[in-house]
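Here is a short report on helix packing and sheet architecture. Please keep the sequence and the model side by side while reading.

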Amino acid sequence: MRLRFGLRAKVALVALVLAPIPWLGYRYVKDMEAVLREGQEQALVATARAVATALHDRPELLDLRPGVAAEGEMERILKSLGRADLRIWIVDRQERLLAITGDLRKKAAPERPPGDALDVLARSLRPVTAVLLERPTEDFDDALPESQISGAGEVRAALQGMAGRRWRNSTDARAVILSAAHPVWSGDDVMGAVVVEETTNAIRSLSDRTLEKVVAVTLVVFALGAVVLLAFASRLSLRLRRLRDEAEDAIDSQGRVKKLIAGSSSRDEIGDLSRSFSTALERLAQYNAYLEKLGGRLSHELRTPVTVVRSSLENLRMTALPEEARVYTERASEGLARLDTILTRMSEATRLESLVRQPERERFDAREVLRGCVSGYASIYPAVRFALSLPDTPVMLRGAPDLYAQMLDKLAANAADFSSREEPVRIRLDEKGSLTVSNSGPLLPPEMAGRLFQSMVSIRPDADPREPHLGLGLYMVRLIAEFHGGEARAANREDGSGVVLRVDCPIQ
Amino acid sequence: MAKTVAIVEDDAAIRANYADMLKKHGYQVSAFADRGSALAAFRSRLPDLALLDIGLAGEPDGGFALCRELRALSAALPIIFLTARDSDFDVISGLRMGADDYLTKDAGMPHLLARISALFRRADLVREAPAEEEILERAELRLDMKRFLATWKGKPVDLTLTEFWLVHGVARFPGHVKNREQLMKEAHIVVDDSTITSHVKRIRRKFQAIDESFAAIDTVYGLGYRWNA
């Protein structure tokens with residue numbers, strides 16, 4: 001099966017244009033985060049430099065025993081230069097930890113009350129955004145193992161006289177720690193190094209909050225957009241579908257044309273489409289009506305000139321003519337006879353059209369009509385066999401038995417003409433009033449199935465030119481079927497061996 | 001003296017052809033192209049028989065009007081409609097105007113001549129007492145084959161010539177099914193099957209107007225008609 005893209009699916013695809021918006025938001029937040037980190041780095045480096053400057057040329061302050069907490073002057077300096085969430089430590093040239101102060105963990109700051117609607121929304125969406133964003137946690141291992149002191153690049157750089165900085169994960173990898181180191185000089189010698197550390201949690205939570213808002217806004221816009229687009233697309237496709245269904249049903253299998261209703265008054269393109277459909281269908285209906293009247297009008301108009309020819313020939317026949325001329329008058333008479341057949345057929349259909357308009361109906365048993373007609377066909381079509389099957393109970397129809405018989409004549413003529421004669425033409429009536437006439441022989445071309453019962457439609461491939469066929473027989477079948485409140489249909493046999501014409505008339 | 005046949009027909013070729021043909025058969029012919037000239041001539045002298053077209057120049061139903069006027073001038077004058085129109089409505093209208101028969105133009109001259117001579121025979125017989133009668137009697141039905149008069153239970157049935165011939169064709173051999181071709185031959189017409197059906201319907205209605213229980217003409221579907229003795 002081929003994949004079908006409905007209007008709604010296409011609109012949903014169009015909505016994908018909106019997809020870069022959250023991505024752009026993400027990029028923006030990340031850029032902002034980078035700027036903030038840069039600032040944080042600068043601040044840490046400055047702090048480290050300040051501490052180092054305070055210790056400059058004061059080797060006695062560094063004369064501390066490793067592992068002992070700083071006290072006195074040293075503690076004062078560190079306290080005054082440090083701030084919350086900073087950890088400052090000092091190592092000597094042997095990379096031994098001399099002093100340490102501060103705590104990397106933030107003192108649990110109370111969450112600010114939500115500022116605006118966006119905040120509220122962002123917060124309510126946290127269960128969703130938590131999946132996408134890893135929130136910074138204060139619950140991390142802030143231990144400072146030996147390896148971080150002796151092996152660290154920034155410490156080594158500082159001990160060699162250069163300021164250094166480094167990003168690293170906490171030992172349990174739950175937080176990112178930024179550290180900046182600065183050498184402490186005493187004269188031209190490096191006495192030790194000051195290391196200032198801070199987690200990136202502050203920045204991360206800021207960027208997370210921003211991302212949360214981006215996600216919230218995106219989700220809301222997407223949801224609203226999707227609802228609006230879907231509603232619009234649904235309405236469009238509903239209207240189009242209704243129009244399509246109506247257009248499909250506008251011409252029924254009998255070729256009659258109905259008027260379209262869907263969107264006929266709306267003032268947009270679909271309304272235009274419906275109206276132009278209606279106009280086209282109306283023209284088609286006019287054309288069909290013209291075709292149906294054509295037969296009658298033509299036969300009427302032709303009758304006068306044909307009469308001129310006939311009466312002239314009759315006069316001619318009464319005069320003494322040379323033998324040669326007699327041949328030509330004979331031929332003219334033959335042609336005239338053929339013309340008469342055509343005219344008779346056409347006027348027969350026209351007369352039937354006016355007959356089926358009259359309201360007179362009577363109840364009759366269709367079985368009797370069938371019995372009589374089929375027994376007569378043996379003499380009319382000596383080369384064709386007919387097999388009749390009737391139900392045991394009367395099949396009472398409402399209409400005119402004469403017309404029903406006329407319809408049967410047309411069906412039988414059609415079946416006899418197309419029958420391959422291998423098997424009898426089967427005529428069957430069931431107790432529900434459904435009549436089928438089935439013959440073996442050539443199949444109906446599929447494109448003709450719906451048009452067969454229209455006026456002046458014939459599918460005879462090699463019609464005998466002396467037996468003119470105007471395609472009126474099955475048209476008359478349809479008229480009579482409708483007169484009896486039924487309808488006529490044509491189909492190929494299921495096994496493809498022939499054709500079944502079917503007339504369903506309601507029983508009364 | 002030769003009988004006078006009047007033709008009122010607006011098509012010059014048809015008018016001339018019919019006139020020639022009738023002259024060849026020994027009739028005297030007066031031809032008219034429109035209602036006015038025909039009526040003026042009829043007022044001064046009536047023909048023995050009139051052939052009328054329905055659609056005349058400028059008057060789609062001029063023939064009907066002319067027929068009515070002609071009937072007012074003479075109740076006995078045989079009038080035949082000869083027209084291209086063959087709808088049941090036109091046939092019924094034409095016969096209601098008092099015409100004796102209604103023939104479509106594709107009927108052909110032999111059929112027309114058969115009607116003309118039959119109607120003349122009847123006209124002659126009405127005037128003089130019949131020397132010998134030719135009567136067909138079937139129970140309640142009585143057909144006077146010379147005057148083309150049908151009676152049912154003693155009451156006259158107003159049949160056209162065509163209808164009379166059809167009744168005769170069916171009733172001649174009671175119990176036998178006459179198919180449509182045979183009936184057409186009897187009635188000197190060439191029409192399609194449904195026209196025969198219309199004729200038979202009209203005939204039944206005329207009989208039923210006299211006797212509601214009339215059911216002597218049976219339809220044998222697919223075969224034809226049968227007189228129920």
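In what sense do β11(A) and β12(A) pair, and over how many bridges? They pair in the antiparallel sense, over six bridges. Two strands count as paired if DSSP finds at least two bridges between them.

## Basis

This is a predicted model: local features need pLDDT of at least 70, side-chain atom pairs count only at pLDDT 80 or more, and totals for chains, interfaces and linings use all residues. Residues are numbered from 1 along each chain as its sequence is written, and chains are lettered from A and ligands numbered from 1 in the order in which they are written.

Helices (H or I, at least four residues) and strands (E, at least two) are DSSP runs, numbered from the N terminus.

## The sheet

Five strands form an open sheet in chain A, in the order β7-β9-β10-β12-β11, with mixed pairing. β7 (386–389) and β11 (487–492) of chain A stand at the edges; each has a single partner strand, so one side of each lacks a neighbour in the sheet. Direction ignored, neighbouring strands are turned by 15° against each other on average.

β9 (residues 425–429) and β10 (residues 434–440) of chain A pair in the antiparallel sense over four bridges. Here Arg426(A) stands opposite Ser438(A) of β10(A). β10(A) and β12(A) also run antiparallel, joined by seven bridges. Ser440(A) has Gly498(A) in β12(A) as its bridge partner.

Helix α12 (residues 366–380) of chain A lies across β7 and β9 of chain A, at about 165° to β9(A). Angles run from 0 to 180 degrees between N-to-C directions, with axes fitted to C-alpha atoms, for helices over the stretch in contact. Helix α14 (residues 473–483) of chain A packs on the sheet and touches β11 and β12 (498–504) of chain A. The direction of α14 makes about 135° with that of β11(A).

## A helix pair

Helices α2 (residues 20–55) and α9 (residues 201–250) of chain A pack at about 165°, with axes 10 Å apart. α2(A) and α9(A) are therefore roughly antiparallel (angles over 145 degrees). The contact (C-beta atoms, placed from the backbone, within 7 Å) includes Tyr26(A) and Leu36(A) of α2(A) and Leu211(A) and Val214(A) of α9(A).

Key
Parallel < 35°, antiparallel > 145°, perpendicular 65-115°, else oblique. Contact = placed C-beta atoms within 7 Å.
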